[in-house]
Amino acid sequence: MKTNSVEHQIEQLVRDDHSAEQIMNIIDLPADQVMSLYRDYIEQRKQQQLRASNQHNQATYAMSLHA
């Protein structure tokens, strides 16, 4: 299975509220590799949420300057 496919599968399983342990049991790769991909996905998701929050805060601040 290609890495992109596995990453997509992990993403979908996380969205479906599977635990890390369940994901390791579902994906047919060594546990350490699955956990590495899982942690990478979680970190990317946190970074995306942080960027979105920052953009929202900047927009709110900018709008408050014009009020």
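The model is a predicted one, in which local features need pLDDT of at least 70, side-chain atom pairs count only at pLDDT 80 or more, and totals for chains, interfaces and linings use all residues. Residues are numbered from 1 along each chain as its sequence is written, and side-chain values use heavy atoms, with hydrogens and water left out.

V14 also belongs to the largest nonpolar core, which has 11 residues in all: V6, I10, L13, V14, I23, I27, V34, M35, L37, Y38 and Y41. A nonpolar core is taken as a set of buried Ala, Val, Leu, Ile, Met, Phe, Trp, Tyr and Cys residues joined through side-chain atoms within 4.5 Å. Two or more residues of this core come from each of α1 (3–15) and α3 (31–66), with α3 giving the most, 5 residues. Helices (H or I, at least four residues) and strands (E, at least two) are DSSP runs, numbered from the N terminus.

As for α3 itself, its 36 residues reach 53 Å from the first C-alpha to the last, close to the 52 Å expected at 1.5 Å a residue. That expected span is 1.5 Å times one less than the number of residues in the helix. Along α3, V34, M35, L37, Y38 and Y41 are buried. Buried means under 20% relative accessible area, exposed means over 50%, and partly exposed falls in between (1.4 Å probe, protein chains only).

Over in helix α1 sits I10, which counts as buried because its relative accessibility is 0%. Leaving out neighbours within four places in sequence, I10 is in contact with I23, I27, V34, L37 and Y38. I10 and M35 are 25 residues apart along the chain, yet their C-alpha atoms are separated by 9.8 Å. Helix α1 also holds Q9, which is partly exposed, with a relative accessible area of 25%. From Q9 to I27 it is 18 residues in sequence and 8.2 Å in space, C-alpha to C-alpha.

On the charged side, the count comes to 1 salt bridge, defined as a side-chain nitrogen of Lys or Arg within 4 Å of a carboxyl oxygen of Asp or Glu. The side chains of R15 and E11 make this link, at 2.2 Å from N to O. R15 and E11 are 4 residues apart in helix α1, so about one helical turn separates them. E11 is partly exposed, its relative accessible area being 21%.

Key. Contact means heavy atoms within 4.5 Å.
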